[in-house]
Amino acid sequence: MKRAFPILGLLTAGLLSYALYQALVVAPTEQTMGDVQRIFYYHVPSAWTAFLLFFLNFLASIQYLVRRDPKSDKVANWVVIALGVLTCAAPYVFRGLLPPGVYPSSVVTTGIAFVGLYFLIHKLFSEQQTDMLALTTAEVGVVFCTVVLVTGPLWARPVWGIWWTWDVRLTSTLVLWLIYVSYLVLRRFSSSGQTPVLAAALAVFGALDVPLVYFSIWFFRTQHPQPVIGGGGSIDPRMLRVLLINWLAFLCFAFLVCWSRYRLERTKREVEETQALEALLEPRSAVR
Amino acid sequence: MTFLYAAYAATWTIHIVYLFTLARRYSRLKKEVDELSKKI
């Protein structure tokens, strides 16, 4: 495992450089916006990565809450399976309710990913480890969400003529960022034993904002452009290829950063436990 | 082009600043581990 990290780091650095070259040189120039449209190759993958990390945070937080009691853990497992089956069946049963441009297959994929990721986390992480995973994904997610909130206005200024507008997509993204920043502030400054539980509950409610951000451009009239994938929009296949390469590069980068942050948190907790043990043992050694 | 370069530079600045804070936390933790191992 120790060797895997630098090897993956080098591969990711290579992939990020290749993705940057693709975004700046290879991708075709968009006709109306010109070169500034290339911000898209950093803005959109960063948003997708942030959403994925917040989704993982949501799953880890739920597991941290339910796994404290074996009974509720079992119930939660069945609820997740039932939700997965419902998500797979619903788009075919209620086809007319789907927003325009959303394919039933993408809803089914989301359902399968939800169930798969839930049980993968369940298998790979213990109760305490889910708490560490939740903290890690929230922190890295906030970093990617910050990138989205910074690159967005830098793209909007030359294209819309304004840095910011209080429309649903932009405002809900800002609210999402604020929720997870408050989550991190809570984790950082609260020393109560109940902090992980409170933070997990906050994360579960915070995650409800993710679908609102994602679907806001379907349900509300916004300044933000319509989605180019799965939303009825279209994209040049060469642009799509570059977009996906950049997303893959950012996903690898996020995975490495999460790995690093997770190891830091694990070591920190081990040190704290040892320090607490040592403090307990100290008076005895003084008596001796 | 200025906005494009600004966006790319801002992205990497944010990531590098975060990696820097991670590295600082690592070195602080390493110090604590060293002190603890000396005590034990």
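1. Burial in chain A. Of the 288 residues in chain A, 30% are buried. This is a predicted model, so that figure, like every other one below, is computed from predicted coordinates.

2. Fold of chain A. Chain A has nine helices and zero strands, and its pattern along the sequence reads α-α-α-α-α-α-α-α-α. Taken along the principal axes, the C-alpha atoms occupy a box of roughly 80 × 45 × 35 Å. When contacts in chain A between residues at least 6 apart in sequence are taken, 78% of them join residues at least 24 apart.

3. Helix α1 of chain A. This helix covers residues 4–26, which is 23 residues. From the first C-alpha to the last it reaches 31 Å, close to the 33 Å expected at 1.5 Å a residue. The buried residues in α1(A) include A:Thr12, A:Ala19 and A:Ala23.

4. Helix α7 of chain A. Residues 195–207 form this helix of 13 residues. At 1.5 Å a residue it should span 18 Å, and because its end C-alpha atoms are 18 Å apart, the two values agree. Its buried residues are A:Pro196, A:Ala199, A:Ala200, A:Ala203, A:Gly206 and A:Ala207. Seen down the axis of α7(A), these buried residues fall within an arc of 125°, so they line one face of the helix.

5. Chain B on its own. Chain B contains one helix and zero strands. Its C-alpha trace spans about 60 × 5 × 5 Å along the principal axes. Buried residues account for 10% of the 40 residues in chain B.

6. Contact between the chains. How many residues of chain B are in contact with chain A? The count is 19 residues of chain B, in contact with 23 residues of chain A. On the side of chain B that touches chain A there are 14 nonpolar, two polar and three charged residues.

7. Confidence. Chain B averages a pLDDT of 92, and 100% of its residues score at least 70. The model scores ipTM 0.93 and pTM 0.89.

Technical notes. Residues numbered from 1 in each chain as written. Chains lettered and ligands numbered in written order. Predicted model: local features only at pLDDT ≥ 70, side-chain atom pairs only at ≥ 80, totals over all residues. Contact = placed C-beta atoms within 7 Å. Nonpolar A, V, L, I, M, F, W, Y, C, P; charged D, E, K, R; others polar. Helix = DSSP H or I, 4+ residues; strand = E, 2+ residues; numbered from the N terminus. Buried ≥ 20, exposed ≤ 12 C-beta atoms within 10 Å, placed from the backbone. Expected span 1.5 Å × (residues − 1). Arc of directions from axis to C-beta. pLDDT = per-residue confidence, 0-100.
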